Every structure is written in C-alpha cells, then in structure tokens.
Amino acid sequence: MNIHEYQAKEILSSYGIPVPRGRVALTADQVERAAKEMGGRCVVKAQIYAGGRGKAGGVKLVHHPEQAQDLAKELFGRRLVTPQTGAEGLKVRRILVEEAVEISRELYLSITLDRATSRYCLIASAEGGVEIEEVASTAPEKIHVLDIDPFTGLRSYQARKTALALGLAGSVCEDCVELILNLYRCALEKDCFLVEINPLVVTKAGWLMAMDAKINFDDNAIFRHREYPDMLDYSQLDPLEISAGKYDLAYIKLNGNVGCMVNGAGLAMATLDVLQEFGAEPANFLDVGGGATREKVAEAFKIILQDSDVKGVFVNIFGGIMRCDVIAQGIIEAASEVHCTLPIVVRMDGSKVAEGKKLLQESGLNVQVGETLGDGAARIVGMLDKN
Ligand code: ADP
Ligand code: MG
C-alpha cells in the first residue's frame, strides 16, 4: 500500500528524522496561503503515488505566493506522467508546499525487503537525487547494499559504515548513524515494504534532512495498523481495482486485450502463460477465489468488461469447490445485463461441468466452450482474429 510523500514525512518526523517545514493543500488558494507562511520563496510539490515528479514538472521552486498559486492552478486536476506512472499518468489532487532548502549534497538512503534473502536490506548511495536510476544502471558499484540480520537487527557499526560510505564525516556522520537506526526502527514498527529517502540532503548549513520520502506498507500487515486504510487516497488508484476490492476480488491490470477470469493465483499465472504462448495478450486478470458465489462471478465479469482495453474474455475455472453451473449462471447474468457482444471463451472443469456447458451453449451469447486450456486459448485467439 502506497501513501503520499507528505504522509511519509509525517511518519519519518515522528521517528526523529528531520524534514522540511511544509503544509499540504487541496486548493490553489490554500497553496498561496501556505506559500505566504513559508515566506514566499518555497517549493511546490504535486502529491501522486509515483516518483520522478521533479523531471515531469511536478516539483518546482517558486519565489512569490502568486507564482505558487498560478502553478497550483496549472497542476490541480492535471494528470502527471512520469516514468513510474504509465502513459495515463496520475491526477494531482493534493499539493505539498515546502520551505525551500539550500542544498549542498543529495544522497540516497532506503530500507526495503529483499525477497531473495527474505530480509530487510539497507541501500545507500553518495549520488542520490533525481538521477538515481541512471547511477544504478551505469555505475552500480556506487550503490551500497547491506543485508540486515533479523536476529541482531541493524547495529550501530553497520549504520556508521554506511554513513562513511556516503562520504560523511564528523557530526553529520554521527547524525546520519542515528537517522539510519531510526529509519530501520520505522521500517520494522510500521511494517514497511519500502522506506526511501531520495534525496537525503546535507543542507548548506550542514544539517541532514529528508527532502523526499516514499513509504510502501506491506499489504499483509495492514490488519495490524488500523489507521492505514484511512491514509489511502483513492483518487490515485485504478477505479476497477477499488470495485474489485469491495467484492474481495483480486484484480490486476495488464497491457493486452484479453480479459481473464480465473480462480486461484496459480491457475491465473498458468492461464496468462498459455494465452501468451498462443499469441494472445492478457488485458487483466481477475481472481474470483475459491468459494465464489454466482453474484461474485457476475460482479467479476462486469469489472472485466468495464476495462475498455478488453476485446474478448477468457474464463478459466476449475470447479473444485465452485460448481460449474453456478459459474455459467454468473457469466450469463452479467453478460446479459451489460449486453456484452464480445467473444467469450469458457474453459471449465469439475463438478456439474456438463450442466454448466449446456447453460452457456443455450445462452445466446457469443460464447464458445474450450475443452482444455490450450483449446480454450486457441479459440479466443481465433475469435479475436475474426472480429
Ligand atoms: P521526485 O523524486 O518525485 O522527482 P523530489 O521530492 O525528490 O521528487 O524532488 C525532486 C528534487 O527537487 C529533489 O531531488 C531536490 O533537488 C529538489 N527539492 C525537493 N524538495 C525541495 C525543497 N523543499 N527544497 C529544495 N529543493 C527541493
Ligand atoms: Mg525523490
């Protein structure tokens, strides 16, 4: 789960990590007032669930409150496209107005879960800022990675080694040791998948400060933090993902044109692989889970059809717990309700499969029944080619 920069900074600040003075605003007038409060000269920062905002025009230094207001009018409601957002971009609904800090150096610091070692790792680079991806690809030796042993936790000497690797000395180095230990405490206690400070800056006055912050909570730990769901900004999420969440369905958007409805994550993966093998590109997949009802199948089907990229639907269900006739009824109900004329291929197996197939064949929909996974995939490719 993502949160905004200003929320991440509030959390970092509660762990004693210095952040710039700032205010979050929802209107251009609020931006102007906040800019006045900062003394006129300030940084206006679009809040979206993605990085790369600086280069996309979403982070700008302004010199007067009126200039801040004009920029805010331009940013609010605009879709900001960055390398992390995809072509459609993300809509700006909140703006952070911050004091403009005189920066002497920009460093990179993060703690993230390394899936390969199943441990947290500390990542640091003396060359932080907006070019960090460039540094990672052209000079990976400049990125220092340290595995953290969960038994001993992060030790001060390890934090000090990292601070030294960042080229810091004296009191700033000691401040950095404390900051790194606090960052680790934050990652652990808040169940973060990622806590990233890029850039961590050394100010001209010689202090450390988190100039940007990104926090990603581990979805599996949200139940331990009652306040997290309230922090979500739904305007930053795909509306179809929100509807799927309401019905407890897992929906993932992809880039192709075949909508996929499956039951179980493993079957979903296999379905995507086989579809690609037959030359089809999945537009999404929706996992209806084990004991789905007819209503749930119908909702799932409607969500798939709302994705305008979908030109055909492939249903691949193993009816172990689910009965195939129930699935068929759900599909027929949903497809008829939204007058779906798109090609549909259903491949199902398990209890009441004969009854399910019969219902589909007599439904009057543009539907074919696949006997095997391969047969089903070939059929949907064939039907799409004809369209
Ligand atoms: P993003 O990573 O999405 O591009 P950042 O918050 O990192 O956004 O901002 C981009 C750059 O803007 C930073 O690397 C920093 O140089 C500058 N910047 C951001 N906030 C401030 C600030 N409050 N004062 C001065 N410079 C800032
Ligand atoms: Mg940044």
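Which atom of ligand 1 is 2.7 Å from an N or O atom in the side chain of Lys-45? In this predicted model, the atom in question is an oxygen of ligand 1. Two further polar contacts of the ligand involve the protein backbone. An oxygen atom of ligand 1 is placed 2.8 Å from a polar backbone atom of Gly-54, and a nitrogen atom of ligand 1 lies 3.0 Å from a backbone N or O atom of Glu-99. Taken alone, ligand 1 exposes 550 Å², of which the protein buries 86%.

Elements contributing two or more residues to the shell around the ligand are strand 2 (42–47), strand 6 (94–99), strand 7 (103–114) and strand 10 (192–203). The shell consists of 18 residues, of which Lys-45, Arg-53, Gly-54, Glu-98 and Glu-106 come nearest to ligand 1. Classified by type, 8 residues of this shell are nonpolar, 4 are polar and 6 are charged.

The protein chain is assigned three domains: domain 1 (21–99), domain 2 (103–229) and domain 3 (238–386). Ligand 1 lies between domain 1 and domain 2, because both of these domains give residues to the shell around it. Over C-alpha atoms, the centres of domain 1 and domain 3 are separated by 41 Å.

Most peptide bonds are trans, and most residues other than glycine have a negative phi. The peptide bond from Asn-198 to Pro-199, however, is cis, with omega near 10°.

Notes. Residues numbered from 1 in each chain as written. Chains lettered and ligands numbered in written order. Predicted model: local features only at pLDDT ≥ 70, side-chain atom pairs only at ≥ 80, totals over all residues. Heavy atoms only, no water. Near = heavy atom within 4 Å. Polar contact = N/O pair within 3.5 Å; in protein donor to acceptor, adjacent residues only side chain to side chain. Areas by Shrake-Rupley, 256 points an atom, 1.4 Å probe, with all protein chains shown as cover. Helix = DSSP H or I, 4+ residues; strand = E, 2+ residues; numbered from the N terminus. Nonpolar A, V, L, I, M, F, W, Y, C, P; charged D, E, K, R; others polar. Domains from an automatic or database assignment.
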